Amino acid sequence: NGLDFIKLYTSGTLAFVDGEGDKLSEQDKQDIIDSFEQTLFPNLEPNQYTGYWVEHTDKVNEKGEKRLELNFVFASVELESGKALPVYFHRNDKHLTDAWRDFTVAKYDLIDPNALDRKRTISTVKDLPKDIKELRDGLHELIAVEIEKENISNRSDILKFLKSKDIEVARQTDKSISIKNPKGT
């Protein structure tokens, strides 16, 4: 509460697929936490930053399997100097946390969250109007056919395909492509 920085803390979650938490020992979880902290705070000693972790297993799937979540909060201060400590800056640090994730998945034989069979092919929105749902489903089918024909193999190919069909892209992020509604609604 005594900090006057714009960003006082950074929080997040390390989530594991249903049932994976059961195969991790307490030591494995601690090692994962320690290696994650080393990724976020390279060249810092543990007494130079502060935070805490909370383990949750309160979420269950339809099979009754608990999902392990390791939630964290870190103060945005370097303790020895009292200066601001940016814990995570997406543009600079994403490659580090991605590499850490890939290493951890391999080391502990976890399910890769980026595996193709885990990707959602199309985002779902509840209660879409019937005409919008039909447009979305039709576009999904068109793209799926092009993938099966091997005409589309990456994100760039999807964008070219959309352009060839005069479908306007409204927004792009690292993980999604949103199209403009051709009916303007």
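Here is a walk through some helix contacts, aromatic rings and loop residues of this structure.

Keep in mind that this is a predicted model, where local features need pLDDT of at least 70 and side-chain atom pairs count only at pLDDT 80 or more, while totals for chains, interfaces and linings use all residues. Residues are numbered from 1 along each chain as its sequence is written, and side-chain values use heavy atoms, leaving out hydrogens and water.

Let's start with helices. Helices (H or I, at least four residues) and strands (E, at least two) are DSSP runs, numbered from the N terminus. Two packed helices are described by the angle between their axes and the distance between the axes. Axes here are lines fitted to C-alpha atoms, for helices over the stretch in contact, and angles run from 0 to 180 degrees between N-to-C directions.

Take H2 and H3: their axes come within 10 Å and cross at roughly 155°. H2 and H3 are therefore roughly antiparallel to each other (under 35 degrees is roughly parallel, over 145 roughly antiparallel, 65 to 115 roughly perpendicular, and the rest oblique). The crossing of H2 and H3 is right-handed, where right-handed means that the near helix is turned clockwise from the far one by less than a right angle, and left-handed means anticlockwise. From H2, Ile 32, Ser 35, Phe 36, Thr 39 and Leu 40 meet Leu 96, Thr 97, Trp 100 and Thr 104 of H3; contact means heavy atoms within 4.5 Å. Sorted by class, that contact has five nonpolar, four polar and no charged residues. (Ala, Val, Leu, Ile, Met, Phe, Trp, Tyr, Cys and Pro count as nonpolar, Asp, Glu, Lys and Arg as charged, and the others, Gly among them, as polar.)

Now for H4 (residues 130-148) and H5 (residues 155-164), which pack at about 125° with their axes 11 Å apart. H4 and H5 are therefore oblique to each other. On the H4 side, the contact uses Leu 139, Leu 142, Ile 143 and Glu 146, and on the H5 side Ile 158, Phe 161 and Leu 162. Here the classes come out as six nonpolar, no polar and one charged.

Next, the rings. Rings of Phe, Tyr and Trp (its six-membered ring) pair if their centres lie within 6.5 Å, with planes under 30 degrees apart called stacked, over 60 edge-to-face and the rest tilted. The whole structure holds nine aromatic pairs. One of them is Phe 41 with Tyr 49, a stacked pair at 3.9 Å centre to centre and 10° between the planes. Phe 41 also pairs with Phe 74: the centres are 5.0 Å apart and the planes sit at 75°, so this pair is edge-to-face. It links distant parts of the chain, since Phe 41 is in the loop between helix H2 (26-40) and strand E2 (51-60), and Phe 74 is in strand E3 (residues 66-75), 33 residues apart.

Buried means under 20%, exposed over 50%, and partly exposed in between (1.4 Å probe, protein chains only). Zooming out, Phe 36, Phe 41, Tyr 49, Trp 53, Phe 72, Phe 74 and Trp 100 form one aromatic cluster.

Finally, a look at two loops. Asp 109 lies in the loop between H3 and H4, and its phi is near 55°, a positive value in a residue other than glycine. Glu 150 lies in the loop between H4 and H5, with a positive phi near 65°. Asp 109 counts as exposed at 59% relative accessibility, and Glu 150 counts as exposed at 69%.
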